[in-house]
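Hi everyone, thanks for coming.

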Amino acid sequence: MGENQSKPEFNTVLGDVQVEIGDEIILSCETNTKEITVTWMKNDHILKCVQGKHTVEQVDRICSLKINDVDGGDQGKYTIKLKNESGAASCSAMVTVELNEWRTIQWNQKAMVTSVKEFEIANNQVRELRFLLYGPVGVGKSSTVNTIRSIFEGRPFVGCLAETAAGKSFTKTYEKYGIANGREGMLPLAFNDIMGVEKGESEGVRTDDIINTLKGHITEGYVFHTEFPITEKDPKYRRNPSLSDRIHCLVSVVGADKIKMMDQEFINKMRKVREAASGMGIPQVVFMTKVDLACPMTNGNLKNIYRSRKIKEIMNTCSNLLGVPMNCIFPVKNYHDETHMNEEINCLMLDALTQIIHWAHDYVVTFSTIPIHKE
Ligand SMILES: Nc1nc2c(ncn2[C@@H]2O[C@H](COP(=O)(O)OP(=O)(O)OP(=O)(O)O)[C@@H](O)[C@H]2O)c(=O)[nH]1
Ligand SMILES: [Mg+2]
């Protein structure tokens, strides 16, 4: 049989391709004989085919390699090697993945840290800007506070308990967390971490309690009950909240890895809270955590986050589901298994923090001149 085999040659060779993230590529060539063994290589190593991503085919004398859902990691030199008893041949092509950045951020934390440290509220009646972190159980609300505290403490911080196995909400008490400004006292920022929103009205924090929180009626230390809301008789109920007691920005927290699985009942609950906040003029944003679990390209290098088509798609889904514009959605990664500080994690969070500080401050400035409506 070997005597009848022709030495492998290429009738057509592989061509270089330039693609965008998320595209599909087909590299193909025609050989002079089908009596060959084909090996595909990437950057001079045998290509490790991934199920659902790579498809290698040989139909008659046409050999092809299909790559689905291209990401930055697929860039490189691809080589096809043909071999039979009469000889061998190979040809290569370059795959270039264009990484268009669709949102730009600063990957140097210094200026952002300084501007947050120097920030002052233009109303001496309001000591701190208050942010309410609200969202599903185990989504990373407490971890978000820890990440922000870590940035200003200069070391991974674990003071605000973060649960490892997400089931029922771990945070049940209404707590306020301040942010230390290194050794120079506290920043004028406070984060209220609230029990997770669960699916049914009788699970997790109640919608009416969240609305009471926004209005400033609930004081720290209140333990949320799933069966009934706070009453005016409760010692933790504040009757006449001032502008300072109110929430100045609502931060809905969702997990990038679970957005597509969010239950409708659950989405309705979140929308209801957002509508109430809108009615009060409170700015609202979404922090989309766990980007590392949702996008391998971002997990590999956080700086790719705003080049990732996958992250953009998830943000779009989130925008449609919750009715929040894209420019109010911030994908972030929290410290969770890191033991050292990481400037990229910090920059992503600082970019979001800087924006919400501005918006919360705008709210305070606006309502400093408009008397608060008493119910
Ligand atoms: N990979 C990854 N894990 C995260 C991230 N943020 C939080 N986690 C993990 O998710 C789990 C839940 O985080 P928490 O911060 O406790 O979530 P929570 O929203 O406060 O939860 P409840 O208070 O129970 O409603 C913990 O194991 C965290 O380490 C992230 O950005 N990436
Ligand atoms: Mg928590």
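So, in what order do the four strands of the open sheet come? The order is S1-S3-S7-S6, with antiparallel pairing. Strands here are DSSP runs of E, at least two residues, and helices are runs of H or I, at least four, numbered from the N terminus; two strands pair if DSSP finds at least two bridges between them. S1 (10-12) and S6 (54-59) sit at the edges with a single partner strand each, so one side of each has no neighbour in the sheet. Inside, S3 (residues 25-31) and S7 (residues 62-67) share six antiparallel bridges, and one of the facing pairs is cysteine 29 with cysteine 63 in S7.

Quick housekeeping: this is a predicted model, where local features need pLDDT of at least 70 and side-chain atom pairs count only at pLDDT 80 or more, while totals for chains, interfaces and linings use all residues. Residues are numbered from 1 along each chain as its sequence is written, chains are lettered from A and ligands numbered from 1 in the order in which they are written, and side-chain values use heavy atoms, leaving out hydrogens and water.

Now over to S13 (residues 249-255). Is this strand mostly covered or mostly open? Covered: seven of its seven residues are buried, meaning under 20% relative accessible area with a 1.4 Å probe, protein chains only. Cys249, Val251, Val253 and Gly255 point one way, and Leu250, Ser252 and Val254 the other.

S13 runs parallel to S10 (residues 129-134), joined by four bridges, with leucine 132 opposite leucine 250. S13 also pairs in parallel with S14 (residues 284-289) over six bridges, and there valine 253 faces phenylalanine 287.

Technical notes
Buried < 20%, exposed > 50% of the residue type's maximum accessible area, 1.4 Å probe, protein only.
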